[in-house]
Structures are given as C-alpha cells and as structure tokens.
Amino acid sequence: MSRVALLCPDLLFGSKLRSALADAGHEVVAPGSPADLLVVDLTADVDERLAEVRDAGLPTLAFYAHVEQDVRRRAEEAGIDRVVPRSRMAREAAALVAGMLP
C-alpha cells in the first residue's frame, strides 16, 4: 500500500479523491506526513501550493482548472512531475496515482 499526501482544500472534491484513492488501496495522509506521492490542487492559491510542493520533496501529481493554462505552465516550470486538468483527475485519480508510483 502506498501513502499519498493530499493537499486539496476543496472539501467535496477532496472527499471524492480520498474515496477513490482509498478504494484503490492507497492510504491518504495529510501533507507533511511521510508519503510516497503528493497530490496537489492548483485551482486556488497557486503560489502557496507551488511553494509547498518545493518544500515537500516528493514526486507530485497536480491538477488545475482546464481554463487556467498559465497555471499548468507554471506548475511544469516549477518541476511538478505530472499536471492534469481537474476533470481528468476526477475521472482517473486512482490510475494517475498508480502510474506515478514504483
């Protein structure tokens, strides 16, 4: 079982992600806890989130609002390993996480 740190202030979407990841056999933990992967919501507070990603030192999967292409570009420039639209994260969260784990 992998430990996935989830940084998603959206309570409803965060709950959906937690359920999908737990159903796939992952343990979802709070950011800052020991983890194998960090999943980050970039739909708000982008500068703060990017700073947290740099400080975490973990492989990172981030999602953004599809209309915010600048956010995607900034995330990629900041070194986030994988950046996907929120709609894709909603559909494929477990598969995306599995694809980033050893």
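In these legends, a residue is buried when its relative accessible area is under 20%, exposed when it is over 50%, and partly exposed in between (1.4 Å probe, protein chains only). Helices (H or I, at least four residues) and strands (E, at least two) are DSSP runs, numbered from the N terminus. The model is predicted: local features need pLDDT of at least 70, side-chain atom pairs count only at pLDDT 80 or more, and totals for chains, interfaces and linings use all residues. Residues are numbered from 1 along each chain as its sequence is written, and side-chain values use heavy atoms, with hydrogens and water left out.

**Figure 1. The two sides of helix α2.** On one side of α2, Asp-47 and Asp-55 are exposed. Val-46, Arg-49, Leu-50 and Val-53 of α2 are, by contrast, buried.

Figure 2. Asp-45 belongs to the loop between β3 and α2. Its phi is positive, about 50°, although Asp-45 is not a glycine. Most residues other than glycine have a negative phi. With a relative accessibility of 47%, Asp-45 counts as partly exposed. After α2 comes Gly-57, which also has a positive phi, near 65°.

**Figure 3. Arg-54 and Ala-78.** Arg-54 is part of helix α2 (residues 46-56). Its relative accessible area is 53%, so Arg-54 is exposed. Ala-78 is placed in the loop between α3 (69-77) and β5 (82-85), where its relative accessibility of 30% makes it partly exposed. Not counting residues up to four places away in sequence, Ala-78 touches Leu-50 and Arg-54. Two C-alpha separations may be read in this view. Between Arg-54 and Gly-79, which are 25 residues apart along the chain, the separation is 8.3 Å. Between Ala-78 and Val-53, also 25 residues apart along the chain, it is 8.8 Å.

Figure 4. Is Ser-2 buried or exposed? Its relative accessible area is 18%, so Ser-2 is buried. When neighbours within four places in sequence are left aside, the residues in contact with Ser-2 are Gly-25, His-26, Glu-27, Asp-36 and Leu-101.

**Figure 5. Ser-19 in helix α1.** Ser-19 lies in α1, which comprises residues 11-23. The relative accessible area of Ser-19 is 38%, so this residue is partly exposed. The C-alpha atom of Ser-19 is separated by 9.7 Å from that of Ala-94, a residue 75 positions away along the chain.

**Figure 6. The whole protein, as the setting for the views above.** The protein has four helices and five strands, and from the N terminus on its elements run β-α-β-β-α-β-α-β-α. Its radius of gyration is 12 Å, close to the 13 Å that the globule rule gives for 102 residues, so the protein is as compact as a globular protein of that length. This radius is taken over C-alpha atoms, and the rule is 2.2 Å times the number of residues to the power 0.38. Along its principal axes, the C-alpha trace spans about 35 × 25 × 25 Å. Of the 102 residues, 38% are buried. Among contacts with a separation of 6 or more, 53% are between residues 24 or more positions apart. The accessible surface comes to about 5,400 Å², and carbon and sulfur atoms account for 50% of this surface; such areas come from the Shrake-Rupley method with a 1.4 Å probe, and for residues only the protein chains shown count as cover.

Methods
Contact means heavy atoms within 4.5 Å.
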